[in-house]
Amino acid sequence: MKIGVPNATSFEKFVKVEWIESSNETKYSGFCIKVFESVVTVLEEEYGYSLQYEFVNHTGSYNDMVDQVYNKKYDAVVGDVTILASRSRYVEFAHPFIESGYSMVVPVKSETQKAWKFMKPFTIEMWLATLCILLYTMFVVWFMEHQVNREFRGPWNDQLGTALWFTFSSLFFSHSKYYIFALLVGVDRLTFI
């Protein structure tokens with residue numbers, strides 16, 4: 001039997017074709033090849049049926065390889081061939097032995113610095129840009145408010161803390177428009193009718 005094997009596959013774990021120059025031969029390996037060879041071994045050992053076969057390296061597309069089975073150039077194909085309706089019209093596929101379904105990808109080793117995990121989505125440059133925007137906005141708010149709003153007066157550490165908290169809360173929290181207006185005007189309480 002001539003068994004067609006795809007030369008260039010997407011996943012070498014399933015089928016891999018290697019040319020070995022020292023022995024001048026082609027080596028076929030991968031999961032699909034091992035499954036095929038295991039089935040041949042079971043046929044010989046348990047049923048006494050000896051299957052003579054040779055692998056043939058196919059360099060064309062998968063559709064072309066399936067057509068070669070239909071045209072009787074190959075007796076079968078071993079590889080990572082996807083079962084499609086257009087291919088099923090010409091050849092009969094074996095039952096799939098690899099099930100695709102839901103899977104879960106988990107890290108092999110645990111991360112030791114879980115407290116700093118929130119830093120991963122941004123690069124260092126992005127964090128520095130965010131900090132610069134926060135400091136710039138803080139300076140603008142302080143510059144505009146320190147002469148008219150008594151909350152922005154006093155010792156430097158109080159002014160800095162007030163400006164930082166006001167800027168941070170304005171940028172990252174969702175306040176009502178009346179609360180922001182009250183902070184800008186410097187009124188402790190606003191009553192709206």
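Visitor: Why does K16 count as partly exposed?
Guide: K16 has 28% relative accessibility. Buried means under 20% relative accessible area and exposed over 50%, with partly exposed in between (1.4 Å probe, protein chains only), so K16 at 28% counts as partly exposed. This is a predicted model, in which local features need pLDDT of at least 70 and side-chain atom pairs count only at pLDDT 80 or more, while totals for chains, interfaces and linings use all residues. Residues are numbered from 1 along each chain as its sequence is written, and side-chain values use heavy atoms, with hydrogens and water left out.

Visitor: What makes the contact of K16 with E12 a salt bridge?
Guide: The rule asks for a side-chain nitrogen of Lys or Arg within 4 Å of a carboxyl oxygen of Asp or Glu. The closest N and O atoms of K16 and E12 are 4.0 Å apart, so the pair meets the rule. E18 forms a salt bridge with K16 as well, with 3.8 Å between the closest N and O atoms. Shared partners join E12, K16 and E18 into one network. The count by this rule is two salt bridges.

Visitor: Why is E18 called partly exposed?
Guide: Its relative accessibility is 29%, and therefore E18 is classed as partly exposed.

Visitor: What makes β4 and β5 edge strands?
Guide: The order of the open sheet of three strands is β4-β1-β5, with parallel pairing. β4 (54-58) and β5 (76-77) each have a single partner strand, so one side of each is left without a neighbour in the sheet. Helix α2 (residues 62-70) packs on the sheet and touches β1, β4 and β5, and its direction makes about 175 degrees with that of β1. That angle is taken between N-to-C directions on a scale from 0 to 180 degrees, with axes fitted to C-alpha atoms, for helices over the stretch in contact; contact means heavy atoms within 4.5 Å.

Visitor: Over how many bridges do β1 and β5 pair?
Guide: Strand β1 (residues 2-6) pairs with β5 in the parallel sense over two bridges, and the rule asks for at least two. The bridge partner of I3 in β5 is A76.

Visitor: What makes the nonpolar surface patch?
Guide: I124, L128, L131 and L135 make a patch of about 390 Å², by the Shrake-Rupley method with a 1.4 Å probe. Patch residues need over 30% relative accessible area and no salt bridge, with nonpolar side chains (Val, Leu, Ile, Met, Phe, Trp, Tyr) joined within 5 Å and like charges within 9 Å. L131, at 43%, is over that limit and counts as partly exposed. L131 lies in helix α4 (residues 124-145).

Visitor: How many helices and strands are there in the chain?
Guide: The chain has six helices and five strands, where helices (H or I, at least four residues) and strands (E, at least two) are DSSP runs numbered from the N terminus.
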